[in-house]
Amino acid sequence: MIRIENLHKSYVTGLNKLHVLKGIDLDIRSGELVSVMGSSGSGKSTLLNIIGILDNYDQGNYILDNLLIKEMSEKKAALLRNKYIGFVFQSFNLISFKNAMENVALPLYYQKVSLKKRNLAAMEFLDRMGLKEWATHHPSELSGGQKQRIAIARALITKPKIILADEPTGALDTATSYEVMEIFKEINDLGITVIIVTHEKDISEMTNKIIRLKDGFIESINGEKLLVDEYEKEYSHV
Amino acid sequence: MFDIDKWQEIFSTIKKNKLRTFLTGFSVAWGIFMLIILLGSGKGLQNGVETQFKQDAVNSIWLWPGQTSKTYKGYSLGRRIQFTNDDYDQINNKIDGVEEISARFFTRGSGTIAYKNEYGAFDIISCHPGYQKIENASMKEGRFVNDIDIFKYRKVTTIGLKVAEALFKEEDPIGKYLNVNGIPFMVVGVFTDPNERDMTRIYIPVSTAQRIFNGGNKLHRLTFTTNKSAEASEQLIADVRKDFAKRHHFDPEDDQAVFIHNTLKEFKQFQNLFAGIRIFVWIVGIGTIIAGIVGVSNIMMIVVKERTKEIGIRKAIGASPASIIGLVLLESILITSVAGYVGLVLGVGLLEVLSSAMESVPFIKDPQADFSVAIKATLLLIFSGAIAGFVPANRAARIKPIVALRDE
């Protein structure tokens, strides 16, 4: 489903150039439940943004569903995002002046689905999340867990192949976090690839595959070290 | 363009931001309102002045005699010039570009005019048939003084509507005899005139007046209309002056011997003045609208900034740059058009109120912006909405979703 080869990405801010991803090789098969871990600045969010076609990269290849994603026009990128990928964010990113149902239905608007049909679909997905009664409420009237479930419903409504979640439990308490993770698992059981970026160990342990990033490299996959620590390398002969 | 969903999107955004939308719209509405008021009052002033002009023919040239102010070929200074029938014939037959012509012989003072027991003092004007066009008079009944009346020295008269009302009351005046300074004149017509005061006149044939009042072949005024342009009419006047100078023996450079007044030139000058005023009004009006556009653009810019995150979300879930541009642009056009339309309606409304309130004010008549102006203003509005929305929309489209999502 996702193949990444020797991916490089750097940010230029003024005169400084920050090399964030320094050659990532990664394979994620269809239907995997993956977590990406790493301390802040390890490049995990950047990697997620590139996978989500929200950001471009400098070097290497990113192949999504046998399609090379490279130097894409914004229009094409938008189309692919809409078709393949559902996003879930830490800060929910719901549109404040739209109610729950309208928020969930929005991706279908960009697929030119008629109002009636998309509202019907939105209600169905809200029902699945157990939020049918909250359909006409605005995000400000909902709890964090409810908001995140609405965001997940929104991500699911286009029936994407991949769900990308950037710290989806970062703004939630532990109990709610676990509830949300249960939802992700259920989604994964339907065959959708789920990639979760997190820095919480207990969250990552609920996934099947844990990718650890460090300083722009993949440090380990499922605990198997790929990267030899610079420190260790230097002193291994001692 | 006519995508219901898109409009619903826009309306929901507008509904959430009523105050902002109102303030944005207000600046545009104000601009259009001012433009309409300015154009309307300009038009009103023009209408008023033109109406004053049109009480008489606007292409008429008036001649009246004066005294020589220069010695010429042995003739002394201060000599009075006297017009005669020859002058009338000369202009009528020899000068090119003359349409209607009339001379006047002045009867002394205003006459006492009586019918049965009704009396009144009215102006007695002696004239040729051409005078009807010169005065812009139109017949209500009967006919104007005609050539046969002149030729046969008939004692007939065409009377103003006010005279008819004052003397004849309910009676039909045609065929009745009026007593003019003791002499009976048969009424052959009743006329109306755009100028109220002119309707208190009676017109009699100039030849009859000359005979009755011992005028010989003397005349006091010559008036004619011309089909020439304003510039050519000046040449015509120069020719007439040269011709008069030759026959009346005065210096062609002497501008005191014969006075010539050209209403055509004056009318053209006024028309030019109003063309100038119109241009000025448009400049001021468009300036006001530009201020409105800048206002809208500015506010839309802030809106885009405020909505950076929302735009980012939309992009993340599949909005193309074009749909984002459409969203901002259409919102801008919608606000500008609706607000501008409100300004238009209010402006036209106020002009209507002013129009009826100022009916009695001279020099202002029908202050209104006409339909073509409304159309132009509408197009201007849509255009300005697009201009106002363009920069912010473009900026919105270039927002990278990733940057937008980080924006807190």
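A salt bridge is a side-chain nitrogen of Lys or Arg within 4 Å of a carboxyl oxygen of Asp or Glu. Lys133(B) forms one with Glu100(B), with the closest N and O atoms 3.9 Å apart. Lys133(B) is exposed, with a relative accessible area of 52%, and Glu100(B) is partly exposed at 27%. The structure described here is a predicted model.

## Salt bridges

Over all chains the structure holds 24 salt bridges. Four of them are listed below, each with the distance between nitrogen and oxygen.

| Residue with N | Residue with O | N to O distance |
|---|---|---|
| Arg247(B) | Asp87(B) | 2.7 Å |
| Arg247(B) | Asp243(B) | 3.0 Å |
| Lys315(B) | Glu74(A) | 3.4 Å |
| Lys133(B) | Glu100(B) | 3.9 Å |

By contrast, Arg247(B) and Asp243(B) both lie in helix H8 of chain B, four residues apart, about one turn of the helix. Arg247(B) itself is partly exposed, with a relative accessible area of 28%. Asp87(B) has 0% relative accessibility and counts as buried. Asp243(B) is also buried, at 15%, because the cut-off for buried is under 20% relative accessible area.

Elsewhere in chain B, a network of salt bridges links Arg307(B), Glu310(B), Arg314(B) and Glu331(B).

## Interface between chain A and chain B

The contact involves 27 residues of chain A and 27 residues of chain B. Between them the two chains bury about 2,300 Å², of which 58% is on carbon and sulfur atoms. On the chain A side, Glu74(A), Phe97(A) and Tyr110(A) lose the most area to chain B, together 28% of what that side buries.

How many salt bridges are counted between chain A and chain B? The count is one, and the side chains that meet in it are those of Glu74(A) and Lys315(B). Five residue pairs are in polar contact across this interface. Helix H2 (74–84), helix H3 (100–109) and helix H4 (115–128) of chain A each supply at least two residues of the side of chain A that touches chain B. The largest share, five residues, comes from H2(A). By type, the residues on that side of chain A divide into 14 nonpolar, six polar and seven charged.

Ile95(A) has contacts in both chains. It is found in the loop between strand E6 (85–88) and H3 of chain A and is buried, with a relative accessible area of 2%. Leaving aside neighbours within four places in sequence, Ile95(A) is in contact with Asn103(A), Leu106(A) and Pro139(A) in chain A, and with Glu310(B), Ile313(B) and Arg314(B) in chain B. Ile95(A) and Pro139(A) are 44 residues apart in sequence, with their C-alpha atoms 7.6 Å apart in space. Two of the chain B partners of Ile95(A), Glu310(B) and Arg314(B), belong to the salt-bridge network described above.

Chain A has eight helices and 11 strands. Of its 238 residues, 53% are buried. Among contacts in chain A between residues at least 6 apart in sequence, 69% join residues at least 24 apart.

The largest nonpolar core has 72 residues, of which Ile2(A), Ile4(A), Ile24(A), Leu47(A), Tyr62(A), Leu64(A) and Ile195(A) touch the most other members. Helix H2 (residues 18–53) of chain B gives the most to this core, with eight residues. Apart from neighbours within four places in sequence, Leu47(A) is in contact with Ile4(A), Leu7(A), Leu21(A), Ile24(A), Leu26(A) and Leu213(A). A second, separate core of 55 residues includes Tyr131(B), Leu178(B), Val190(B) and Val240(B).

## Two further buried residues

Ala105(A) is in helix H3 of chain A and counts as buried at 2% relative accessibility. The C-alpha atoms of Ala105(A) and Ala122(A) are separated by 5.2 Å, although the residues are 17 apart along the chain. Beyond four places in sequence, Ala105(A) is in contact with Arg118(A), Asn119(A), Ala122(A) and Ile157(A).

Asp198(B) is in the loop between strand E9 (183–192) and strand E10 (201–205) of chain B. Asp198(B) is buried, with a relative accessible area of 5%. Not counting residues up to four places away in sequence, Asp198(B) touches Asp56(B), Glu135(B), Phe191(B) and Asp193(B).

Conventions
Residues are numbered from 1 along each chain as its sequence is written. Chains are lettered from A and ligands numbered from 1 in the order in which they are written. This is a predicted model: local features need pLDDT of at least 70, side-chain atom pairs count only at pLDDT 80 or more; totals for chains, interfaces and linings use all residues. Side-chain values use heavy atoms; hydrogens and water are left out. Contact means heavy atoms within 4.5 Å. Buried area is the accessible area (1.4 Å probe) that two parts lose on being put together, summed over both. A polar contact is a pair of N or O atoms within 3.5 Å; within protein, one must be able to donate a hydrogen and the other to accept it, and residues adjacent in sequence count only if both atoms are side-chain atoms. Ala, Val, Leu, Ile, Met, Phe, Trp, Tyr, Cys and Pro count as nonpolar, Asp, Glu, Lys and Arg as charged, and the others, Gly among them, as polar. A nonpolar core is a set of buried Ala, Val, Leu, Ile, Met, Phe, Trp, Tyr and Cys residues joined through side-chain atoms within 4.5 Å. Buried means under 20% relative accessible area, exposed over 50%, partly exposed in between (1.4 Å probe, protein chains only).
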